[in-house]
Amino acid sequence: CAFHLNLGYTYNDNKIDERKDIWKVSAATEVEVMKGLKVVADIGIEKNTDKSSNTNPAFVIGGLIYSIAKNLDIDFGIKAGLNKAEADMTVLAGMTFKF
């Protein structure tokens, strides 16, 4: 079992009058349920890029990570919005090469 705290900052240099300073924070956990397969969960919030909104998008993610090889993982997850500022549901998929 592992726990992660993620903190991030993006400078949003844009021409459409969005906020420029965007912060993100989330907490995650992962549990290996069998050799090579992990169940993961993440909950977080980030600064809304829309200057007219005071509601920051909040989310929860649940998913699986499968290690195909020592240096290759594939993953699948579902992201659900916890408020109106975040999309209701997003399907996520990815691949990680480790070196």
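Colleague: What joins β4 to β5?

Modeller: A hairpin does, through two residues. Before we go on, this is a predicted model, so local features need pLDDT of at least 70 and side-chain atom pairs 80 or more, while totals for chains, interfaces and linings use all residues. Residues are numbered from 1 along each chain as its sequence is written, and side-chain values use heavy atoms, leaving out hydrogens and water.

Colleague: How do you know that β4 and β5 pair?

Modeller: Strands are DSSP runs of E, at least two residues, numbered from the N terminus, and two of them pair if DSSP finds at least two bridges between them. Strand β4 (residues 58–69) and β5 have 10 bridges in the antiparallel sense, so they pass that rule. Within β5, Ala80 stands opposite Val60.

Colleague: And what joins β5 to β6?

Modeller: Nine bridges, with β5 (residues 72–81) and β6 running antiparallel. Leu72 has Phe97 in β6 as its bridge partner, and Asp75 has Gly94.

Colleague: Why do you say β6 lies largely in the open?

Modeller: Buried means under 20% relative accessible area, exposed over 50%, and partly exposed in between (1.4 Å probe, protein chains only). Strand β6 (residues 89–97) has nine residues and the number buried is zero, so the strand lies largely in the open.

Colleague: What makes Lys51 and Asp17 a salt bridge?

Modeller: The rule asks for a side-chain nitrogen of Lys or Arg within 4 Å of a carboxyl oxygen of Asp or Glu. For Lys51 and Asp17, the closest N and O atoms are 2.9 Å apart, so the pair qualifies. This pair links distant parts of the chain, 34 residues apart: Lys51 is in the loop between β3 (37–46) and β4, Asp17 in the loop between β1 and β2.

Colleague: Why is Lys51 called partly exposed, and why is Asp17 called exposed?

Modeller: Lys51 has a relative accessible area of 45%, so it falls in the middle class. Asp17 comes out at 57%, so it counts as exposed.

Colleague: How many salt bridges are there by this rule?

Modeller: Five. Among them, Glu30 meets Lys38 at 3.1 Å, N to O, and Glu86 meets Lys79 at 3.7 Å. Glu86 and Lys79 are both buried, whereas Lys38, at 27%, is partly exposed.

How values were computed: Helix = DSSP H or I, 4+ residues; strand = E, 2+ residues; numbered from the N terminus.
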